[in-house]
Structure formats: C-alpha cells, structure tokens
Amino acid sequence: MGKVYVFDHPLIQHKLTHIRKKETGTKEFRELVDEIATLMAFEATRDLPLDEVEIETPVSRMKSKVLSGKKLGIVPILRAGIGMVDGIVKLIPAAKVGHIGLYRDPETLKPVEYYVKLPSDITERDIFVVDPMLATGGSAIEAIHSLKKRGAKRIKFLCLIAAPEGLKALEEAHPDVDIYIAALDDKLDENGYIVPGLGDAGDRLFGTK
C-alpha cells in the first residue's frame, strides 16, 4: 500500500506562505517552487538503496556509502509540473526526465492525453510524477495510468498543494503509489480550484494570467 506524507518542515511551510500570496510575482514564484521541490525531493528519496564502497580519505581507508545506482525518472505533468523539475534534478542529476501532457475535455471534463515522451527504459526506473496542484485528482490519476500501461512499476507522486477530494481519488485509483504533499488544503470550490490554494500554478509560473 502507498503512503501519504504531508510535510510540516518549517522551511517548506515558510516558502509555501510566500507562493500563496497573490502579490508574489512570476520570478519569485518560480524560484520558490524550485526550492520547495528540492526540499520535497530530499525527503522523497529517503528510501533510496545504498551500496558500501571502500575509499581513502587524507587520513585512512574506510568503508562508506554511495547510491546503489538505481535508475530514477522525473515525469512532470504539463505544463505546471515543469516548474518542479529543476529543483529535483539538482539533487539527482542522473535522473532522466519524461513528459506527459493532458487537457480536460470540455464536455466530459475528463483528462485526455495529448503528449507522452518517456525514457526508453521506463520499466526499470523509479518514477517521480510531479505537478504543483492536486485538485480533483483527474490529471494525476490519468498520468499514472499512462505510466503503468507503459510498464512503470514504482511510482511516487509529488505536489505542493492538494485538496482532500483529489487526495482521496488518487489514493483510491492508485493505492500502490506513495504521495508527497507540501500542504493539504481545505476543499475544492465550485470551479475546481483548491481553497485557499494559490490560484492557477501554471499561470503564475509562466506569467500567463
């Protein structure tokens, strides 16, 4: 069974407060999202396996730990997920990056896949799916379905802010996926926006309001 992690780290909470403020501009918003993603990735990689190697310090030989070489992948959900990629790559520069693009059908309101480009060895990688917002959960659910049908087996989902409705839907659709959330907000409004949230993450990242 997947687990849900809601972060209470003071640095994350402090930075979240600033990205929520409506007066925060595009440049600062982008930088803060990048920083929060790095902090979240630090925690989400806590269970990466280690190997022991022998090295020589200036003083003596010793046995020390290195990452076991497990393959990792980062898959942002377009477009807002792109804002979280660089912050994670800073910690794990060997990770490969794929992309999944989804749009909402205006009649069914269901997410429809329009673009998928993934590393060729997706089946061998631990995948971090990233998107700043988990509102209804539809996009995250569809993106993870898309990865699973292409053979991905080990998937984690990282987002900045989630609504309880979206979290519940994602847990029910993909009970094997660990979910990492910087903040769990109150609810969705009648337009599907997270309350209190931060508005449209894509518009705020890319200045398209």
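This is a predicted model: local features need pLDDT of at least 70, side-chain atom pairs count only at pLDDT 80 or more; totals for chains, interfaces and linings use all residues.
Biologist: How do I judge the overall form, and what is the radius of gyration of the chain?

Modeller: Set the value beside the one for a compact globule. With 209 residues, such a globule would come near 17 Å, and the chain has 18 Å, which agrees. Along the principal axes, the C-alpha atoms fill a box of roughly 65 × 40 × 30 Å.

Biologist: Now the surface and the inside. What percentage of the residues are buried?

Modeller: Buried residues are 43% of the 209 in the chain. The chain exposes about 11,200 Å², and carbon and sulfur atoms supply 54% of that area. As for charge, the chain has 30 positive and 32 negative charges, whose mean positions lie 3 Å apart.

Biologist: How do I read a nonpolar core, and which residues touch the most other members of the largest one?

Modeller: In soluble globular proteins, nonpolar side chains tend to be buried together. Here the largest nonpolar core has 37 residues, and L16, I19, M40, L158 and L160 touch the most other members. Elements giving two or more residues to this core include helix 1 (10–20), strand 10 (154–162) and helix 6 (201–206). Helix 2 gives the largest share, eight residues.

Biologist: Which residues does L16 touch, beyond those up to four places away in sequence?

Modeller: L16 touches I36, L160, I161, A182 and A183. There is also a second, separate core of 23 residues, with A140, A152, V177 and I179 among them.

Biologist: Which residues is I122 in contact with, leaving aside neighbours within four places in sequence?

Modeller: I122 is in contact with I127, L147, R150 and A152; A152 is also one of the residues in the second core. For a pair separated in sequence, take I122 and L72: they are 50 residues apart along the chain and 8.9 Å apart in space, C-alpha to C-alpha.

Notes: Residues are numbered from 1 along each chain as its sequence is written. Side-chain values use heavy atoms; hydrogens and water are left out. The radius of gyration is taken over C-alpha atoms; the globule rule is 2.2 Å times the number of residues to the power 0.38. Buried means under 20% relative accessible area, exposed over 50%, partly exposed in between (1.4 Å probe, protein chains only). Accessible areas come from the Shrake-Rupley method with a 1.4 Å probe; for residues, only the protein chains shown count as cover. Lys and Arg count as positive and Asp and Glu as negative; His and the chain ends are not counted. The place of a charge is taken as NZ of Lys, CZ of Arg, CG of Asp or CD of Glu. A nonpolar core is a set of buried Ala, Val, Leu, Ile, Met, Phe, Trp, Tyr and Cys residues joined through side-chain atoms within 4.5 Å. Helices (H or I, at least four residues) and strands (E, at least two) are DSSP runs, numbered from the N terminus. Contact means heavy atoms within 4.5 Å.
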